[in-house]
Amino acid sequence: SIEFARSISSKTQIKAYDARVVAKAYITANLPQDALEAISRVPSENIDHWILYRKAEAQLKINDNIGALECAKEAYNLAIDDPKIEDRISIYHELKSKCYEQLGDKSNALLEARIALEKCTDSQYKNALQERVAILE
């Protein structure tokens, strides 16, 4: 998948959907800087909450914690206006929770993790969120 990601991200401009897929591949391979470079090739008018979500994940991996939190907040603010994301909004709360945790703000990390758990509709993901809340408590 990394060869595929490199092929796509070598273009001057990348479509938003392609950048999301490429960024996820790079993040999974622990190549967050490559993910950020791919995201930077998306025209600004095509940046959406999905792209910002991946950008925040990559920023967390490189310890750009303040940038990650701001990006995660922006992603969430865009996502709440997207009716297609309603059943997945919990992932944005979990992302904000991780950002707060990495910044050392345990109370907001726990608050966001609890909100994520409350809004979660997937039983497997809900179990993971319950574990996260328990750890943060």
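Reader: What should I know about the model before we start?
Author: It is predicted, and local features need pLDDT of at least 70, side-chain atom pairs count only at pLDDT 80 or more, and totals for chains, interfaces and linings use all residues. Residues are numbered from 1 along each chain as its sequence is written, and side-chain values use heavy atoms, with hydrogens and water left out.

Reader: OK, α4. How many residues does it have?
Author: Helix α4 has 13 residues, 49-61, and spans 19 Å from first C-alpha to last, close to the 18 Å expected at 1.5 Å a residue. That expected span is 1.5 Å times one less than the number of residues. Helices here are DSSP runs of H or I, at least four residues, numbered from the N terminus.

Reader: Is α4 mostly covered or exposed?
Author: Mostly covered, with ten of its 13 residues buried. Buried means under 20% relative accessible area, with a 1.4 Å probe and protein chains only. Among the buried ones are Ile51, Leu52, Tyr53 and Leu60.

Reader: Which helices do those pack against?
Author: The buried residues of α4 pack against α2 (16-28), α3 (32-40), α5 (65-79) and α6 (90-102). Contact means heavy atoms within 4.5 Å.

Reader: What sits at the two ends of α4?
Author: At the start, a side-chain oxygen of aspartate 48 comes within 3.2 Å of the backbone nitrogen of tryptophan 50. After the helix comes asparagine 63, whose phi is positive, near 65°.

Reader: Switching topic. How do the axes of α2 and α3 cross?
Author: They come within 7 Å and cross at roughly 170°. The axes are lines fitted to C-alpha atoms over the stretch in contact, with angles from 0 to 180 degrees between N-to-C directions. The two helices are therefore roughly antiparallel, a label for angles over 145 degrees.

Reader: Which residues meet there?
Author: Ala19, Val22, Ala23, Tyr26 and Ile27 in α2 meet Pro32, Asp34, Ala35, Ala38 and Ile39 in α3.

Reader: Last one, serine 97. Buried or exposed?
Author: Serine 97, in helix α6, counts as buried because its relative accessibility is 0%.

Reader: What does its side chain make a polar contact with?
Author: The side chain of arginine 132, at 2.9 Å. A polar contact is a pair of N or O atoms within 3.5 Å; within protein, one must be able to donate a hydrogen and the other to accept it, and residues adjacent in sequence count only if both atoms are side-chain atoms.

Methods: Buried means under 20% relative accessible area, exposed over 50%, partly exposed in between (1.4 Å probe, protein chains only). Angles under 35 degrees count as roughly parallel, over 145 as roughly antiparallel, 65 to 115 as roughly perpendicular and the rest as oblique.
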